[in-house]
Amino acid sequence: MQKIICKKVYDTETATLIKAYSFGNLGDATGYEEDLYQTPEGLYFLHVGGGAESIYPTEDIQRLAKTKVKEWLKAHE
């Protein structure tokens with residue numbers, strides 16, 4: 001997936017996957033996934049998606065500030 005945010009390209013095909021996190025089971029309407037990526041330029045983003053009743057009912061890319069990366073990793077140990 002690719003998305004342009006503030007004139008920066010965030011692309012799961014060219015970025016490096018750092019950590020994948022899943023909540024719930026496959027087919028669970030409230031289940032979701034958050035995958036942390038780093039772009040070649042050093043920017044971080046989450047590729048998210050989930051079931052219809054989850055916090056991410058549609059696939060999306062969300063920027064993640066460098067200052068929040070350690071916090072996200074700790075919360076998803």
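The paragraphs below go through a predicted model, from its overall fold to its aromatic contacts.

Along the principal axes, the C-alpha atoms occupy a box of roughly 35 × 25 × 20 Å.

Of the 77 residues, 35% are buried. When contacts between residues at least 6 apart in sequence are considered, 34% of them join residues at least 24 apart. The accessible surface amounts to about 5200 Å², and carbon and sulfur atoms contribute 50% of that area. As for charge, there are 12 negative and 9 positive side chains. The centres of these two sets are separated by 13 Å.

The aromatic side chains can be followed in more detail. Across the whole structure there are five aromatic pairs. One of them joins Tyr10 and Phe45: the ring centres are 5.6 Å apart and the planes meet at 80 degrees, which is over the 60 degrees required, so the pair is edge-to-face. Tyr10 belongs to strand 2 (residues 8-11) and Phe45 to strand 5 (residues 44-50). The two residues are 35 positions apart, and their pair links distant parts of the chain. Both Tyr10 and Phe45 are buried.

Another edge-to-face pair is formed by Tyr32 and Tyr56, with 5.5 Å between the ring centres and 75 degrees between the planes. Tyr32 sits in strand 4 (residues 32-38), whereas Tyr56 is in the loop between strand 5 and strand 6 (60-64), so this pair ties together parts that are 24 residues apart in sequence. Buried means under 20% relative accessible area. Tyr32 has a relative accessible area of 16% and is therefore buried. Tyr56, at 12% relative accessibility, also counts as buried.

Ring pairs connect Tyr32 and Tyr56 with Tyr21 and Phe23 in a cluster.

Methods. Residues numbered from 1 in each chain as written. Predicted model: local features only at pLDDT ≥ 70, side-chain atom pairs only at ≥ 80, totals over all residues. Heavy atoms only, no water. Buried < 20%, exposed > 50% of the residue type's maximum accessible area, 1.4 Å probe, protein only. Contact = heavy atoms within 4.5 Å. Areas by Shrake-Rupley, 256 points an atom, 1.4 Å probe, with all protein chains shown as cover. Lys, Arg positive; Asp, Glu negative; His and termini not counted. Charge placed at Lys NZ, Arg CZ, Asp CG, Glu CD. Phe/Tyr/Trp six-rings, centres within 6.5 Å; stacked < 30°, edge-to-face > 60°. Helix = DSSP H or I, 4+ residues; strand = E, 2+ residues; numbered from the N terminus.
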